[in-house]
Amino acid sequence: MSASTPGTRDASPAAEPEPLPGAGRRRRRPREGARTRPRPLRPHGPSAFGSDLRRFWALTLTLARTEFKLRFFGSVLGYLWSLMRPLMLFGVLYFVFVVIARVGTFPYFGVYLLASIVLFTYFAEVTGASVTCLVAREAMLRKVRFPRMVIPLAVSLTALFNLGMNLIAVLVFALLSGVRPRWSWVEMPVLVVGLVIFATGIGMLLSALYVRYRDVQPIWEVISQALFYASPVLYAIDTARSQKVAGMNAEHLLMNNPLAVVFTQMRYAVLPPFPRAQSAAQAIGGWPHLAVPLGIVAGVFAFGLWFFNREAPRIAENL
Amino acid sequence: MAPSVEASRPPSAAPSAVSVVGLSKGFRLPHQQYSTLKERILHPFRSSTYDELRAVQDITLEIPPGEFFGIVGRNGSGKSTLLKCLAGIYRADRGSIAINGRLSPFIELGVGFNSDLTARDNVIINAIMLGLTRRQARARFDDVLAFAELEEFVDLKLKNYSSGMTVRLAFAVAIQVDADILLIDEVLAVGDVSFQQKCYEQFHRMQREGKTIVFVTHDMSAVERFCDRVALLERGEMVELGEPRDVTRAYNELNFGRLAHDAGDAAFRSTGTFISEGWFEDAGGERVAALGQGEAMRACFEVLVREPLEDPVLAVTLRNEAGQTMVVGRSDRHGEESGSFAAGERLVVSFEFANWLAPSRYTLSPSIAREGTGADTVAVAEDIASVVVHGFATGGVLDPPQRFEVRRG
């Protein structure tokens, strides 16, 4: 319909100083179509997702990649440092709990400890970095219109790259410790996906909350610390089997934490079977009870998504 | 508002590049900043008191494709808020905005760089944010660097860039992404002369290519040089919309209009002879705050004489914004006598010049000295009035009438 205005907008592709080799032909068509159609009068402002999913994804990926690169090339030893943190923590905890206190020992406890530390590190990294991510990118948010959700998602993705590298280290350690691959290892990616959804949901919520309330940061630090001890990282869930808390089975209670489900099921799927090892469903007291942690994951994610979506248009002015 | 809405209708039936209808945007300014949860929980109801700052009120605009549209206004008049609404960074409270084409914003001297990343990473990320694909961004990369003249600093982190280099890079990104509509906020305020020249060239290029440009600035000579139409904002409302010449005049009146009448107050405290008022007039004797270049300019002041004065030296000094003395008018320049005056007399002195001054703001400092060299000052009033000269900015400090001729030899 705008063919009637050849001298103006339609002239720009032809007047490009240098047509891009190869790329030019491919992009001209969708752009032409997008530009000749006047956009409907919908609220013109920033949103969580924007209207172009390809651009959304390209931007998320690029941001995550540069962030990852920044961390790895910013210091001399790069990747070693990001691996070092969980490894150091593992070394200390292993020494304290296995060599000195002699608690929580079951076959391959070291593998379990390292895996759960790596997984928890991912969780803590995503949620901790998400808190400040919007505020830290203020310059960008105040100057360009782009889908706001890109920022917390990029944080999650950066941590996921990191998790991938660290999990390779865990696998190497497991194989060296004598753990042999089993078919049930295919559960691992599923569990990781669940963890990613949980962490990202919390991340979305925290990042949007922090724009309004700056004391979200110390509060979350405390909660994160509490979660570390409430989750079976240093111990296996069966340690709590015979305990009672307020008249309830402590094991069943602790298993309502989605992180506990991930760690417990991970142990069940990865390590060779041994008598005390239980699947997450067994540990929580039956399949139906799994609805609670799964519900928490879904609820947190949905709430984080909804809240971020609601706040997205006004993030730039509330910063 | 009504007349400006009429005037904003585009001449042709082509779809507007930017169409704004009844746009309003306000910010809540809470009386007390409740930014922590604790305060929120302890005082759940008190936080409801706030002032609403109406940053932009009921603005309706149609910008046809290919127009160079200027937005001017004083600080805090809502220019940047309007631009941010157009850029889609703020969501409007009321009204609608339709943008027809891809948009590239250049706001607050930047496009959102991360100072920890290298120029390369920043350019790629920003190009993607502005709507290019990764591959296009990489293909454009060399052009961007070449335009910014920063090829040798590609892999330097931005925190090591000078502010001028950063702005150059940002502007290069904004104009190299092939947007249909460019929003520019105050680019000419920084950068050296050669970069400004480059910006001007780019503006001309984009005008030729039929791109739409929305341009916010305080530089009235740039407005007159480039803009097809200009909107003047004041307290969030659009008070003028039209030809650059008319709007810049209105802008200057708005800025300096009051100065010409109020500045003399301090002089009343004096008990001796003093200069009570100073002002500028046009050739017709009207007091003005702005004058077009080439029009006759009269610098005037009023003196209350409190002692007998025999042939005093009356003078006016005009200084430009940089404080350089541009013109001095003296009553003894041609050896004339100014006269003899008794205590209690009130004199009105005026000097008329042909106005060849370059577009800028000039201040008036009148003085009276006793007979002789002019060094024995009786009264002086520094910067008692000001006038803005508008016209085409050549870059010189004087623009005498010129004749131009090219001959083939």
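What share of the contacts in chain B between residues at least 6 apart in sequence join residues at least 24 apart? I looked this up first. The share is 73%. I note here that the model is predicted.

**Entry: chain B overall**

I went through the secondary structure of chain B. I found ten helices and 21 strands. Then I checked burial. Of the 409 residues in chain B, 44% are buried.

**Entry: the sheet**

I picked out one sheet in chain B. Six strands make an open sheet, and their order is 5-6-7-3-8-9. The pairing is mixed. I remind myself that strands of a sheet pair through backbone hydrogen bonds, either parallel or antiparallel.

Which strands are at the edges? They are strand 5 (103–106) and strand 9 (237–242) of chain B, and each pairs on one side only. From one strand to the next, the twist averages 15°.

I also looked for a helix against this sheet. Helix 6 of chain B, residues 163–176, packs on the sheet and touches strand 5 and strand 6 (181–185) of chain B. The direction of helix 6 makes about 165° with that of strand 5.

**Entry: strand 3 and its partners**

Next I followed strand 3 of chain B, residues 68–73. Strand 3 runs parallel to strand 8 (residues 229–234) of chain B, and five bridges join the two. Strand 3 also pairs with strand 7 (residues 212–216) of chain B, in the parallel sense, over four bridges.

B:Gly70 has B:Phe215 as its bridge partner in strand 7. In strand 8, the bridge partner of B:Gly70 is B:Val230. B:Val72 stands opposite B:Leu232 in strand 8.

Why is strand 3 of chain B largely enclosed by the rest of the structure? Six of its six residues are buried, so the strand is largely enclosed. I checked which way they point. B:Phe68, B:Gly70 and B:Val72 point one way. B:Phe69, B:Ile71 and B:Gly73 point the other way.

**Entry: nonpolar cores**

I then turned to the cores. The largest nonpolar core has 147 residues. Those with the most contacts inside it are B:Val173, B:Leu183, B:Val214 and B:Phe215. Helix 5 (residues 109–136) of chain A gives the largest share of this core, 16 residues.

I listed contacts of B:Phe215, leaving aside its neighbours within four places in sequence. Among them are B:Phe68, B:Phe69, B:Gly70 and B:Ile71. B:Phe215 also contacts B:Ile184, B:Phe226 and B:Cys227.

Last, I noted a second, separate core of 34 residues. B:Trp279, B:Ala289, B:Val303 and B:Leu309 are included in this second core.

Definitions and conventions. Residues numbered from 1 in each chain as written. Chains lettered and ligands numbered in written order. Predicted model: local features only at pLDDT ≥ 70, side-chain atom pairs only at ≥ 80, totals over all residues. Pairing = 2+ DSSP bridges. Axes fitted to C-alpha atoms, helices over the stretch in contact; angles between N-to-C directions. Contact = placed C-beta atoms within 7 Å. Buried ≥ 20, exposed ≤ 12 C-beta atoms within 10 Å, placed from the backbone. Core = buried A, V, L, I, M, F, W, Y, C linked by C-beta atoms within 7 Å.
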